[in-house]
Amino acid sequence: MLVKPLLRAAVQSREEQLRAVEEGLDGHERAVERRGQAEEELEQARSAFSAAKEELDLAAEQRTAALEQLRTDALAWASACRELPFPEPDLLLDLLESERALNAEAERAVNTALEDITRQEASREARAAELRRRRDDSGAEIARLQSEKDLPPPAPPTRTADRTRMTGAPLWRLVDFSAASPEGDRAGIEAALEGAGLLDAWVGSRGEVQGHDVFADPDSLPAAAGRSLADVLSPEPDGEVPASVMRRLLASVGFGDVLPAEGPAAIGADGSWRLGNLTGSWRKERPAYIGAAARRRARELRIEELRNEILLLDKEIADVETELSALSLRRGTVRDERASLPPHTVLNAATRQFDRAEIGLAAADRLVRERIDRVGRREREVADALRTLTACAAEYGMPAERAALANLASATRAFRTACENWLESHDGLRSARQVLSSLATQADRSAGDARQRAEEAREAEEEYLELAATLEAVDSTAGVEYREVAAKIEKLRVHLDELETARKSTQSRHTELAIEVGEWRNRQETDAAEHEKAVADRDAAALRFRRLASGVFPADSGLNDLERFESFLDSSDGVRAALDAARLVTAAWPSVPHSQSNIGDALHRLSESMHTCRDVLHTRADLDLETDEDVQIFTAVVDGIRVGAAELLKILHAEAEESRREITERERELFDQTLTGDTRRHLAARIRQANELVENMNNRLEQVRTASKVAVRLVWQVATDLPPGTKAARDLLLKDPVRLTAADRESLHQFFRDRIEEAKADDTATGWEQQLAKVFDYTAWHRFVVKVDRANGEGWQPLTRKLHGALSGGEKAIALHLPLFAAVAAHYQAVPEAPRVILLDEVFVGVDTTNRGQVFALLSALDLDLMLTSDHEWCVYAELSGIGIHQLITGADGDDAVTTARFTWDGHQLRSIDAE
C-alpha cells in the first residue's frame with residue numbers, strides 16, 4: 001500500500017528537480033543571451049569609438065594643417081609689416097592657437113605703433129604750431145618795424161612803469177655819436193652802455209612814477225676827471241631833455257679806450273663798464289640804438305633778418321607738414337596691416353571640429369567603458385547563473401546540458417507512465433491476492449468450521465439420538481422441559497450466527513490495520529531519513545553560521561548585545577551554542593522581513609549604495625562585495641587592511657571629525673578675517689542703511705495722522721522666532737571689531753556656526769557660496785512690525801487683528817496703505833534709476849479728504865510714480881504738485897465707443913487740456 005504514494009512522490013520530486021534545473025538552465029541561457037547582446041553592443045561601441053578616433057585624428061590633422069598654414073601666413077604677415085613692430089616674429093607662433101591672444105598681441109603692436117605715430121604727430125603739430133606762431137610773430141614784428149621810426153632795446157623784466165606818461169626820454173634817443181668818435185669804437189661804447197643798463201635808462205624829471213624803472217640822474221655825480229662820454233657822444237638837437245643836462249650827464253661818466261681806473265662810473269671803448277663797485281663787459285658787431293642812422297640801419301637789418309627767418313620757418317613748416325602727411329600715411333598703413341592679419345576662420349572651424357571630435361571620442365570612450373562594465377556584469381551574471389545551474393544539477397544529480405536534460409525529462413515522463421501503469425497493475429494484483437488470501441482463509445476457516453460443525457452435528461446427532469431416546473422416555477413425563485431445551489438450543493443457534501458475523505468483521509478490520517501498520521512503518525523509515533538529513537543540514541547551517549559570525553557581520557549588524565552574542569558562540573563548539581546565538585539575533589530583529597524577495601531587494605540596494613560609495617571613496621578605500629555561496633559580504637580595504645562596514649564607518653567618522661576640527665580652525669580663521677574685513681563692514685553698512693531707511697520712512701509716515709490722531713510707523717526688529725543669540729550677534733556685528741572681546745568673538749563664531757549647520761540641515765543651499773549667502777542674509781534675521789499710535793496715552797502699539805478691528809474704515813485704510821507705500825519706496829531705492837511705479841484701484845475708500853491729501857503728500861515725498869483708477873477721486877489736493885487726469889466718456893446714443901477728456905492738476909488749479 002505504501003509503494004504507490006512513494007513512487008508518485010519520487011516522480012513528482014524528480015519532476016520538480018527537473019523544473020529547478022530547467023529554470024537554472026533557462027536563467028543561464030538568458031544570461032548568456034544578455035551577455036551576447038552586451039558583447040554585441042560593446043563591439044558596436046568599439047566601432048563607434050574607432051570611428052570617433054578616426055574622426056578625431058582627421059580633425060587633428062586638419063587642425064594641424066590649418067595651424068601650420070596660419071603659422072606660415074602669420075610669419076609672412078609679421079615679416080611684411082613695415083609699421084607694426086614685431087622684433088621677434090617667431091614669438092607670435094606661441095600665440096597662434098589663441099585668436100584672442102594673437103589679436104591682443106596685434107592690438108598691442110598697433111597701439112604701440114599708433115602711440116608712436118600719435119606722439120610724433122603731436123610733436124610735429126606742436127612744432128608746426130610753434131613755427132607758425134614764430135612766423136606770425138616775425139611778420140607782426142616786420143609790420144611793427146616798418147611802421148615805427150625807432151627800434152628800442154628790449155625792455156628788462158624789472159620795468160613796470162608806463163614811459164608814455166613820463167617826461168623825458170631814454171638815453172639812446174637823446175644822444176648820438178660825435179664826429180670825433182671813431183667808427184670802430186662805437187659798437188663797443190653802445191655795448192658797454194647797454195651792458196651797464198645806461199643805454200635805456202630814463203633821463204628826465206622823475207616826479208611821482210607809477211611802477212619801477214631805471215633812471216639816469218645828471219646831477220648825482222661830478223664830472224669825470226679826464227676823458228668822458230661827452231668826448232664821444234653829443235646831445236641830439238631838439239631832444240626831450242635840454243642839451244646842457246645831457247652834457248652834464250655825459251661828462252659825469254668817464255671814458256677811455258679801455259675802462260678807466262678811476263671814477264664811480266666809467267665806460268671803455270672795448271665794451272667794459274663800471275658803476276660803483278659793479279664792473280662788466282659786453283660786445284656787439286655794430287651800434288643799433290645810438291644815432292638815427294644806426295637805428296635806421298639796425299631796423300633794416302632786423303627786417304631782413306626777420307624775412308630770412310620767415311623763409312626758414314616756411315621751409316620748416318612745409319617739412320613738418322610733409323612729415324605729418326607721412327605720419328598720416330603711416331597711420332593708414334597700420335590700419336591696413338592690422339586688417340591684413342591672417343584670420344582664424346579656418347583654424348577656428350578646425351578647432352571646433354576637433355573639439356566636437358574630442359567630445360565625441362570622450363562620449364564613445366565613456367560608452368565603451370559603460371559597455372565593458374555591462375559586459376562584466378553580464379559575465380558575472382553568466383558565472384552566477386552557471387554556478388547556480390551547476391550547483392542545482394550537482395545537487396540533484398542531473399546533467400546541465402539542454403539535450404541531456406530533455407532526454408532525462410522524457411525518461412522521467414516515461415518512467416512516470418510506466419509507474420502509473422505498474423501501480424495500476426500492482427493494485428489489481430494486490431487486490432486479487434488480498435481477495436484470494438481472504439477467500440482461502442475463509443475457505444480454510446469454513447472447512448474447519450464445517451468439520452467442527454460436522455463433528456458437532458455428529459455429536460449433536462448422537463446427543464439427539466440420546467435425547468430422542470430420553471425424550472421418548474420422558475416425553476411422556478417431561479414434555480414441558482423439552483420445549484424449554486429446544487428454545488434454548490434455538491437461542492444458542494442465533495447467538496452462534498451473531499458470533500460468526502462478528503468474526504468476519506474482525507477479520508476485515510485486522511486486514512486494514514495490517515495495511516496501516518505497513519504504511520506507518522514506511523513513513524517511519526522516511527521520517528528517520530529526513531530527520532538524519534535535517535540534523536546534517538542543521539549541523540551544516542550551524543557551522544556556516546559560526547563561519548559567518550566569525551567575520552564582519554556581527555560588528556556590521558549593529559547588534560545591541562554583541563558581547564552576549566560572542567559569549568554564546570565562545571561557550572561551546574556545539575550546535576546548541578550556535579542556536580542560542582541565532583535565537584539572540586532573531587530576538588533582536590523580530591519584525592525584519594526576510595523573504596527571498598526582501599533579501600533580493602536588500603542586495604540590490606546594497607549593490608547600488610556600494611557603487612555610489614565606491615565613486616566617492618575610491619581614493620580612500622577599495623570597496624568590494626564578496627560572495628559566500630548565497631551570501632554577499634561587504635568588505636573594504638583601507639590602508640592595506642580588510643575591514644567591514646562598521647569599522648569603515650568608524651574610520652571615516654574619525655577622519656571626518658579630524659577634518660572637521662581642521663575645517664573648524666580654518667573656519668575660525670576665515671571668520672576672524674570676515675569680522676575684520678569687507679564682509680563685516682558691508683554687512684554692518686547694509687544693516688545701518690536699512691535702519692536709516694526705516695527711520696526716514698517713519699519720519700515721513702509720522703507726518704500723516706487721521707482726524708482722530710491715528711499715526712502709523714514701521715519697526716524693523718529681530719524676529720522673535722529666531723534663536724535668542726540673534727539680536728546679540730546683530731549688535732556685535734555693528735560693533736567695531738577692535739572692541740570685540742574674546743567672548744564676543746566666540747559668541748559670534750558660535751552664532752554663525754549654528755546658522756551654517758542649519759543651512760546644511762535644511763538642504764536648501766547646496767554649495768558653500770549659497771550657504772554663506774543664506775547665513776549672511778541679514779534680511780532673514782528681521783521682521784517688519786506695524787505699530788499704531790492712537791493718541792490715547794498708550795503710545796505705539798503693534799497692529800494686531802484686535803486693534804485693527806477697533807479702527808474705523810478710514811483708519812484701517814491708512815494703517816494698511818502707509819506701510820505698503822513705504823515698503824514699495826524702499827524696494828525701488830535699491831535701483832534708483834528704475835521707474836517707481838505704483839498702481840492703485842479704487843483708492844482710499846473711507847479716508848477723509850484731509851488724510852487723502854496727507855497720503856498723496858507722502859506718495860509725492862516718497863517719489864512714487866502713481867497710477868490709479870477711481871470713479872470719484874480726482875486728486876485735486878494742494879499737497880499734490882501735479883497729476884494728469886483722464887476721464888473716460890461713453891456715448892449716450894448706444895454707441896460702444898469710449899473716449900477720454902484730459903485734465904491736469906498743477907497743485908493750484910484743474911485745467912482741461914482738450915479745451916486749450
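Residues are counted from 1 along each chain as its sequence is written, and side-chain values rest on heavy atoms, with hydrogens and water left out. Since the model is predicted, local features need pLDDT of at least 70 and side-chain atom pairs count only at pLDDT 80 or more, while totals for chains, interfaces and linings use all residues.

Let's begin with charge pairing. Side chains of opposite charge can pair when their charged atoms come close. Here, a salt bridge is taken as a side-chain nitrogen of Lys or Arg within 4 Å of a carboxyl oxygen of Asp or Glu. Counted that way, the model has 33 salt bridges.

One of them links Glu-68 to Arg-71, with 2.7 Å from N to O. Both residues sit in helix 1 (residues 3-80), and because they are three residues apart there, about one helical turn separates them. Helices are DSSP runs of H or I with at least four residues, strands are runs of E with at least two, and both are numbered from the N terminus. As for cover, Glu-68 is partly exposed at 42% relative accessibility, and Arg-71 is partly exposed too, at 22%. In these terms, buried means under 20% relative accessible area, exposed means over 50%, and partly exposed is in between (1.4 Å probe, protein chains only).

A second salt bridge joins Arg-127 and Glu-316, whose closest N and O atoms are 2.6 Å apart. Arg-127 belongs to helix 2 (residues 99-147) and Glu-316 to helix 6 (residues 292-339), so this pair ties together parts 189 residues apart in sequence. Arg-127 is partly exposed, with a relative accessible area of 34%, and Glu-316 is partly exposed at 29%.

Next come Glu-190 and Lys-284, which meet in a salt bridge of 2.7 Å, N to O. Glu-190 is in helix 4 (residues 183-196) and Lys-284 is in the loop between strand 8 (278-281) and helix 6, so parts 94 residues apart in sequence get tied together. Both Glu-190 and Lys-284 are buried.

Finally, the surface. Val-837, Leu-839 and Met-867 make a nonpolar patch of about 290 Å². Patch residues have over 30% relative accessible area and no salt bridge; like charges are joined within 9 Å, and nonpolar side chains (Val, Leu, Ile, Met, Phe, Trp, Tyr) within 5 Å. Accessible areas come from the Shrake-Rupley method with a 1.4 Å probe, and for residues only the protein chains shown count as cover. Val-837 lies in strand 15 (residues 837-841) and is partly exposed, at 33% relative accessibility.
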